[in-house]
Amino acid sequence: MRIARFSIDGNVAFGAVEGDSSTATDGELVLDIIKGIPYADFELSGVKVPLSKVRLLPPVLGNKIVAFGRNYADHAKEMGGEVPEAPFAFFKPTTSMIGSGDAIVYPGFTEELHHEAELAVVIGRMCREVPRERVKDVIYGYTCANDITARDVQRREKQWARAKGFDGACPIGPWVETGLDIAAASDLAIQCTVNGEQRQLGSTSQMIHSIEDLIVNVTEAMTLLPGDVILTGTPAGVGPLNVGDEVAVTIQGIGTLTNKVIKRG
Ligand code: MG
């Protein structure tokens with residue numbers, strides 16, 4: 001099932017996406033509005049709205065975003081760094097999240113904004129110290145994310161709170177796909193285009209540390225809550241975004257996350 005969060009006429013709701021296309025631009029997709037919120041048993045209301053009539057929001061209501069760096073060897077290489085032996089994590093604040101179709105406002109404190117296409121894992125239940133064999137039980141689903149980075153600021157500042165934490169630094173969506181198991185999610189094509197031109201193309205099978213490794217690693221240290229998001233790293237090909245660019249992250253079997261970069265007004 002594909003679970004979206006959206007607003008329509010000033011109301012916010014979750015809905016199940018119905019239709020065959022994996023693209024958000026298909027006018028035939030509709031949302032069956034969910035009674036309450038997902039993550040546990042829920043009912044569909046049967047009240048349907050066309051996807052084209054809503055504004056998609058980040059499809060999660062999480063407490064935190066834990067992102068992993070340099071988890072694809074080719075990207076570690078292009079950054080001029082070594083492949084880390086153990087996974088290494090950093091935070092992005094939840095205020096950095098925007099939905100598919102929302103604008104990325106080019107921040108005033110950077111001159112080098114970069115895209116990073118990433119598979120996002122959405123957590124479905126409160127958990128800590130998750131053993132490897134239980135990881136599948138704590139995952140709610142998967143979505144696309146863009147770990148937008150102020151690269152010049154990242155180089156200058158030891159901690160990446162500003163470089164990767166500004167408002168709009170975490171486009172996520174268009175929806176959460178709940179129908180993939182870990183094996184399937186670990187072998188998906190992941191692509192980033194800018195203005196239709198391919199910039200990144202890889203596979204989630206190229207991750208150095210697996211989805212299981214990452215969840216074991218983060219939950220050794222902290223409790224995860226329903227709706228929390230784990231960003232799993234980006235393949236090679238990261239590069240600049242300019243005002244006016246349209247950046248799209250497509251993950252096979254999930255969908256396409258599209259955002260336009262606009263000037264600060
Ligand atoms: Mg990243």
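A: Two strands pair if DSSP finds at least two bridges between them. This is a predicted model, so the labels below rest on computed values.

Q: What makes strand E10 and E13 a pair?
A: E10 (residues 113–115) and E13 are joined by 2 bridges. The cut-off is at least two bridges, so they count as paired. The sense is antiparallel. His-114 stands opposite Thr-149 in E13.

Q: In what order do the strands of the open sheet with E10 lie?
A: The order is E13-E10-E18, with antiparallel pairing. Strand E13 (149–150) and strand E18 (239–241) are the edge strands, as each pairs on one side only.

Q: How do you know that strand E15 pairs with strand E16 and with strand E19?
A: Count the bridges. E15 (residues 189–194) and E16 (residues 197–203) share 6 bridges. E15 and E19 (residues 246–251) share 5. Pairing takes at least two, so both pairs qualify. E15 runs antiparallel to E16 and also antiparallel to E19. Ala-189 faces Ser-203 in E16, while Cys-192 has Val-249 in E19 as its bridge partner.

Q: Which residue in the hairpin of E15 and E16 takes a positive phi?
A: Asn-195 does, with a value near 50°. The hairpin has 2 residues between the strands.

Q: Are Glu-116 and Glu-118 buried or exposed?
A: Buried means under 20% relative accessible area. Glu-116 is at 3%, so it is buried. Glu-118 is at 1%, so it is buried too.

Q: Why is Asp-102 called buried?
A: Its relative accessible area is 11%. The limit is under 20%, so the label holds. Asp-102 sits in the loop between strand E8 (97–98) and strand E9 (103–105).

Q: What makes the link from Asp-102 to Arg-55 a polar contact?
A: Their side chains come to 2.9 Å. The cut-off is 3.5 Å between N or O atoms, so the pair passes on distance. The backbone nitrogen of Gly-99 also lies 2.9 Å from a polar atom of the Asp-102 side chain. Beyond four places in sequence, Asp-102 is in contact with residues including Leu-56, Thr-258 and Lys-260.

Q: Why does Lys-64 count as buried?
A: Lys-64 has 12% relative accessibility, so it falls in the buried class. Lys-64 is in the loop between strand E5 (55–57) and strand E6 (65–69). A polar contact of 2.7 Å joins its side chain to that of Asp-228. A polar atom of the Lys-64 side chain lies 2.8 Å from the backbone oxygen of Thr-223.

Q: Which residues touch the most other members of the largest nonpolar core?
A: That core has 44 residues, and Leu-113, Ile-139, Tyr-142, Ile-211, Ile-215, Ile-230 and Ile-251 touch the most other members. Another core, of 18 residues, lies apart from it and includes Phe-90 and Cys-170.

Q: Where does UniProt place the domain "Fumarylacetoacetase-like C-terminal"?
A: The unreviewed entry puts it at residues 64–261. Over that span the chain is 18% helix and 38% strand.

Note on methods. Residues numbered from 1 in each chain as written. Predicted model: local features only at pLDDT ≥ 70, side-chain atom pairs only at ≥ 80, totals over all residues. Heavy atoms only, no water. Helix = DSSP H or I, 4+ residues; strand = E, 2+ residues; numbered from the N terminus. Buried < 20%, exposed > 50% of the residue type's maximum accessible area, 1.4 Å probe, protein only. Core = buried A, V, L, I, M, F, W, Y, C linked by side-chain atoms within 4.5 Å. Polar contact = N/O pair within 3.5 Å; in protein donor to acceptor, adjacent residues only side chain to side chain. Contact = heavy atoms within 4.5 Å. UniProt positions renumbered as here; feature names shortened; annotations may be inferred.
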